[in-house]
Amino acid sequence: MKKQIKIGVGDAATTAKEFIDIWRRAECGEKVEEVQRLYFENLEMLLKTLTEARWVLLKILRENGPMSIRALSNELGRDYKNVHTDVGKLEYIGLVDRTEDGKIRVPWDVVEARLMLAA
């Protein structure tokens, strides 16, 4: 089974409603797919956090496997300090983590971003 995370925009009420729906289905014995979710308060915050450079960083890590920040910055052709900052932000929101030897990795097989144009 692939490990996946779904990214989107949602307020607290929408997120709570989704949680309650899944909880009720599980209580009724329905098999519920285990999926991690990451919601942003609004589209602007999502786009500010998940910049094009950070998406490329995620892609490189996923393709190449765990890497040190130095190796990652070399692979990306970017300044070490900027890559370090990006890794810190992505680690904080859970899109990357560290291996036992301290290398950065993407723990997800699938990162799905879904944006609604209208409510």
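In the predicted model described here, Ile69, Arg70, Leu72, Ser73 and Leu76 of helix H4 meet Tyr80, Val83, His84 and Val87 of helix H5, where contact means heavy atoms within 4.5 Å. Divided by class, the residues of this contact are 6 nonpolar, 2 polar and 1 charged; Ala, Val, Leu, Ile, Met, Phe, Trp, Tyr, Cys and Pro count as nonpolar, Asp, Glu, Lys and Arg as charged, and the others, Gly among them, as polar. The axes of H4 and H5 (residues 80-92) come within 9 Å and cross at roughly 115°. Axes here are lines fitted to C-alpha atoms, for helices over the stretch in contact, and angles run from 0 to 180 degrees between N-to-C directions. H4 and H5 are therefore roughly perpendicular to each other, the term for angles of 65 to 115 degrees, with under 35 counting as roughly parallel, over 145 as roughly antiparallel and the rest as oblique. H4 passes H5 in a right-handed crossing, meaning that the near helix is turned clockwise from the far one by less than a right angle.

Arginine 70, one of the H4 residues at this contact, also lies over the face of tyrosine 80, at 4.3 Å from the ring centre. A charge sits over a ring if NZ of Lys or CZ of Arg is within 6 Å of the ring centre and within 35 degrees of the ring normal. Lysine 3 is likewise placed over the face of tryptophan 108, at 4.9 Å from the ring centre.

Val56, Leu57, Ile60, Leu61 and Asn64 of H3 make the contact with Leu72, Glu75 and Leu76 of H4. This contact has 6 nonpolar, 1 polar and 1 charged residues.

H3 and H5 also pair up: their axes come within 11 Å and cross at roughly 80°, which makes H3 roughly perpendicular to H5. On the H3 side the contact involves Ala53, Arg54, Leu57 and Leu58, and on the H5 side Val83, Asp86, Val87, Lys89 and Leu90. Its classes are 6 nonpolar, no polar and 3 charged.

The protein chain as a whole has 5 helices and 5 strands, in the order β-α-β-α-α-α-α-β-β-β along the sequence. Helices (H or I, at least four residues) and strands (E, at least two) are DSSP runs, numbered from the N terminus. Along the principal axes, the C-alpha atoms fill a box of roughly 50 × 30 × 20 Å.

Residues are numbered from 1 along each chain as its sequence is written, and side-chain values use heavy atoms, with hydrogens and water left out. As the model is predicted, local features need pLDDT of at least 70 and side-chain atom pairs count only at pLDDT 80 or more, while totals for chains, interfaces and linings use all residues.
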